[in-house]
Amino acid sequence: MNRSDDLLISRARWRVARPFVGLALLGVLAGGLVAAVTGPLDLRHGSWAAAYLVLVVGVAQAVFGAGRAWLPAVATVPPPRLLLELAAWNVGSLAIIAGTVLDQVWLVVAGSVLLVGALASWAAAVRTFRQEQRPLATAYLLFVAFLILSVVVGIGLSVSRNL
């Protein structure tokens with residue numbers, strides 16, 4: 001196999017990645033729009049929401065889409081599982097944004113639970129990878145661990161801010 005073949009994506013793998021990429025682009029666009037109106041509308045949590053939309057809904061979701069498509073040894077994903085992962089990530093993210101803006105800690109916690117569920121599923125989905133992908137799989141799993149830690153810190157900040 002040619003090294004450049006590693007970068008090619010099959011139809012099956014693209015089918016897995018496509019919904020992640022589409023939702024990630026929407027997240028980045030939404031983040032840009034929120035950033036554009038934050039100043040004129042004097043939105044209290046606007047810059048935070050914009051950053052969250054771009055980084056968590058956009059960039060992180062694109063990384064997870066790439067990982068779900070390229071890392072597993074076989075690119076077969078049951079569509080219901082994929083839809084549940086995407087729903088958990090995006091509904092959870094919206095709940096966290098709403099909970100932060102509305103000062104409702106329970107929404108932040110509920111959204112965080114959904115995010116951790118999606119993260120656990122994404123980590124489990126790459127447990128079988130090709131040996132030559134070990135460094136990439138390790139980086140992917142470290143990214144999952146970092147985001148789980150970030151979710152815990154986010155819950156702590158939300159609770160402490162609303163005491």
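Helix 2 (46-70) passes helix 4 (105-125) in a left-handed crossing, a term that applies if the near helix is turned anticlockwise from the far one by less than a right angle. The axes, lines fitted to C-alpha atoms over the stretch in contact, come within 10 Å and cross at roughly 25°. Helix 2 and helix 4 are therefore roughly parallel to each other, the term for angles under 35 degrees. Helices here are DSSP runs (H or I, at least four residues), numbered from the N terminus.

This is a predicted model, in which local features need pLDDT of at least 70, side-chain atom pairs count only at pLDDT 80 or more, and totals for chains, interfaces and linings use all residues. Residues are numbered from 1 along each chain as its sequence is written, and side-chain values use heavy atoms, without hydrogens and water.

Most residues other than glycine have a negative phi.

Exposed means over 50% relative accessible area, buried under 20%, and partly exposed in between (1.4 Å probe, protein chains only).

On the surface, Trp-14, Val-21 and Leu-25 form a nonpolar patch with about 260 Å² of accessible area together. Such a patch joins nonpolar side chains within 5 Å, from residues with over 30% relative accessible area and no salt bridge (a side-chain nitrogen of Lys or Arg within 4 Å of a carboxyl oxygen of Asp or Glu). Val-21 lies in helix 1 (residues 11-41) and, at 32% relative accessibility, counts as partly exposed.

Notes: Patch = residues over 30% accessible without salt bridge, like charges linked within 9 Å, V, L, I, M, F, W, Y side chains within 5 Å. Areas by Shrake-Rupley, 256 points an atom, 1.4 Å probe, with all protein chains shown as cover. Helix = DSSP H or I, 4+ residues; strand = E, 2+ residues; numbered from the N terminus. Axes fitted to C-alpha atoms, helices over the stretch in contact; angles between N-to-C directions. Parallel < 35°, antiparallel > 145°, perpendicular 65-115°, else oblique.
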